[in-house]
Amino acid sequence: MRKEITIPYEEYADEQALSAVDAALLEQARRCVDNAYAPYSEFKVGAAVRLTDGTVVCGSNQENVAFPSGLCAERVAVFAAGANYPGVPIAALAVTARAADGHPVDWPISPCGACRQSLIEYEQRYGHKIRVILQGSTGKVVVFDGIDRLLPFQFEAEGIGADAPHSQVGADVSVGSDQHVGSDGTVGSEGKKRN
Ligand code: THU
């Protein structure tokens, strides 16, 4: 049987069209870019995470001469949030970038696959959707109402027999899900949750 997945998202010509709260997080992400350490790629990325209590946590890409040892801005931000504010769900993530040579990056910066996998576990673990706001240094902005939109058919802890955070957040993306998402982003879950 053939099935299809629809991925809803919002697209705006620039940041002017964003709500004040989304625009503010994107602005924070722009400030995070300043602390990127990217001498090898010369591509600086900033990620700002807003927690449900309003705390904003900053991340930027941190590279290493042994290339795989570095880390993307998004994971730096969410891991810092997890390490410093345990138990506080993540409400939103904004990502932006700047080329080290000053070249404008005029396309939305989208989290890599490894970051998506890391991010979705925070979404599932806290049972709270993470709003994702993506832009380059200028131009088009795209917004997703959850990481699950960016990672359908994600690898799940059930696959390794672990006591998993409940998955299948977001009925439009997952196939046959009976999950309900509240207007505040909370996920009605009959599954197990990890703290
Ligand atoms: N990078 C990020 O930090 N986030 C992304 O979403 C894409 C890529 C970083 C990794 C590396 O330091 C540089 O950008 C070039 O790939």
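In which loop is F153 found? F153 lies in the loop between β6 (141–144) and β7 (180–181), where helices (H or I, at least four residues) and strands (E, at least two) are DSSP runs numbered from the N terminus. Its phi is near 60 degrees, a positive value in a residue other than glycine. F153 is exposed, with a relative accessible area of 67%; buried means under 20% relative accessible area, exposed over 50%, and partly exposed in between (1.4 Å probe, protein chains only).

The model is predicted, with local features requiring pLDDT of at least 70 and side-chain atom pairs counted only at pLDDT 80 or more, while totals for chains, interfaces and linings use all residues. Residues are numbered from 1 along each chain as its sequence is written, and side-chain values use heavy atoms, with hydrogens and water left out.

The protein contains three helices and eight strands. From the N terminus on, these elements follow the order β-α-β-β-α-β-α-β-β-β-β. Of the 195 residues in the protein, 45% are buried. A contact means heavy atoms within 4.5 Å. Among contacts between residues at least 6 apart in sequence, 64% join residues at least 24 apart. The protein exposes about 9,800 Å², of which carbon and sulfur atoms supply 51%; accessible areas come from the Shrake-Rupley method with a 1.4 Å probe, and for residues only the protein chains shown count as cover.

A ligand is present in the model, and the residues around it are S41, F43, V45, N61, E63, C72, A73, E74, I109, S110, P111 and C112. By class, the shell has seven nonpolar, three polar and two charged residues. In this classification, Ala, Val, Leu, Ile, Met, Phe, Trp, Tyr, Cys and Pro count as nonpolar, Asp, Glu, Lys and Arg as charged, and the others, Gly among them, as polar. At least two shell residues each come from β2 (43–51) and α2 (73–84).

Polar contacts, pairs of N or O atoms within 3.5 Å (within protein, one must be able to donate a hydrogen and the other to accept it, and residues adjacent in sequence count only if both atoms are side-chain atoms), involve several of these residues. A polar side-chain atom of E74 is 2.6 Å from an oxygen atom of the ligand. For A73, a backbone N or O atom lies 2.9 Å from a ligand oxygen atom, and for N61 a side-chain N or O atom lies 3.0 Å from a ligand oxygen atom. On its own the ligand has 370 Å² of accessible area, 74% of which the protein covers.

E42 is found in the loop between α1 (20–32) and β2. Its phi, near 55 degrees, is positive in a residue other than glycine, and E42 is partly exposed at a relative accessible area of 47%. S118, by contrast, is found in helix α3 (residues 113–126) and is buried, with a relative accessible area of 17%. Not counting residues up to four places away in sequence, S118 touches R75 and F79.

The mean pLDDT, the predictor's confidence in each residue from 0 to 100, is 87 for the protein, and 84% of its residues reach 70 or more. Over residues 167–183 pLDDT stays under 50, and the model has 46 contacts beyond four places in sequence for this stretch. Residues 187–195 also have pLDDT below 50, with 28 contacts in the model beyond near neighbours in sequence. Where pLDDT is low, the predicted coordinates should not be read in detail.

Notes: Near = heavy atom within 4 Å.
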